[in-house]
Amino acid sequence: MNCSAIPDTLFESELFGVEKGAFTGATSRAGFFAAAHGGTLFLDEIGDLRPENQAKLLRVLESRRVRPVGAEHEHEIDVRVVAATNKDLYDMVEAGTFREDLYYRLNVIPITVPPLRERADDVPLLAMHFLKKAADRAVTPVKGFT
């Protein structure tokens, strides 16, 4: 799920789901957490979440329960959360734009990936990978780069 692509007004219904009749025309639909039950939910661009949505996400991570929009009861979830961002969340915590408690809840096993400009040896491997993918779809043979 790309956190920056979901409008604030749809955040809860996308993550937690919707019960039929919650609003005009609403039909029951599972959210991302329910869909990922027993598996992994990838939250991309977590640094773009608004503070009010950070609080909602934190509540779910702490309680391991979601309440779909319009539902009377919460549902237990078993989901591993992997979050990514291109922002420095620690700096955002220091600036007061990212919740410190959410930061520490998400920062269990940090994986820092240096930018590609610092991994020049990876460029030929990536280029060949994407060349093969393009060649598989191309009408005319693709043999290499010029």
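1. R59 is partly exposed, at 33% relative accessible area (buried is under 20%, exposed over 50%, partly exposed in between, with a 1.4 Å probe and protein chains only). This is a predicted model, where local features need pLDDT of at least 70 and side-chain atom pairs count only at pLDDT 80 or more, while totals for chains, interfaces and linings use all residues. Numbering runs from 1 along each chain as its sequence is written, and side-chain values use heavy atoms, with hydrogens and water left out.

2. R59 meets E74 in a salt bridge, 3.4 Å from N to O (a side-chain nitrogen of Lys or Arg within 4 Å of a carboxyl oxygen of Asp or Glu). E74 sits in the loop between β2 (65-66) and β3 (75-76) and R59 in helix α3, so the pair ties together parts 15 residues apart in sequence. Helices (H or I, at least four residues) and strands (E, at least two) are DSSP runs, numbered from the N terminus. A network of salt bridges links R59, R65, E74 and E76.

3. What about F16 and F33? Their ring centres are 6.1 Å apart and their planes at 25°, so the pair is stacked (centres of Phe, Tyr or six-membered Trp rings within 6.5 Å; planes under 30 degrees apart are stacked, over 60 edge-to-face, the rest tilted).

4. Elsewhere, K87 forms a salt bridge with D48, the closest N and O atoms being 2.5 Å apart. The whole structure has eleven salt bridges.
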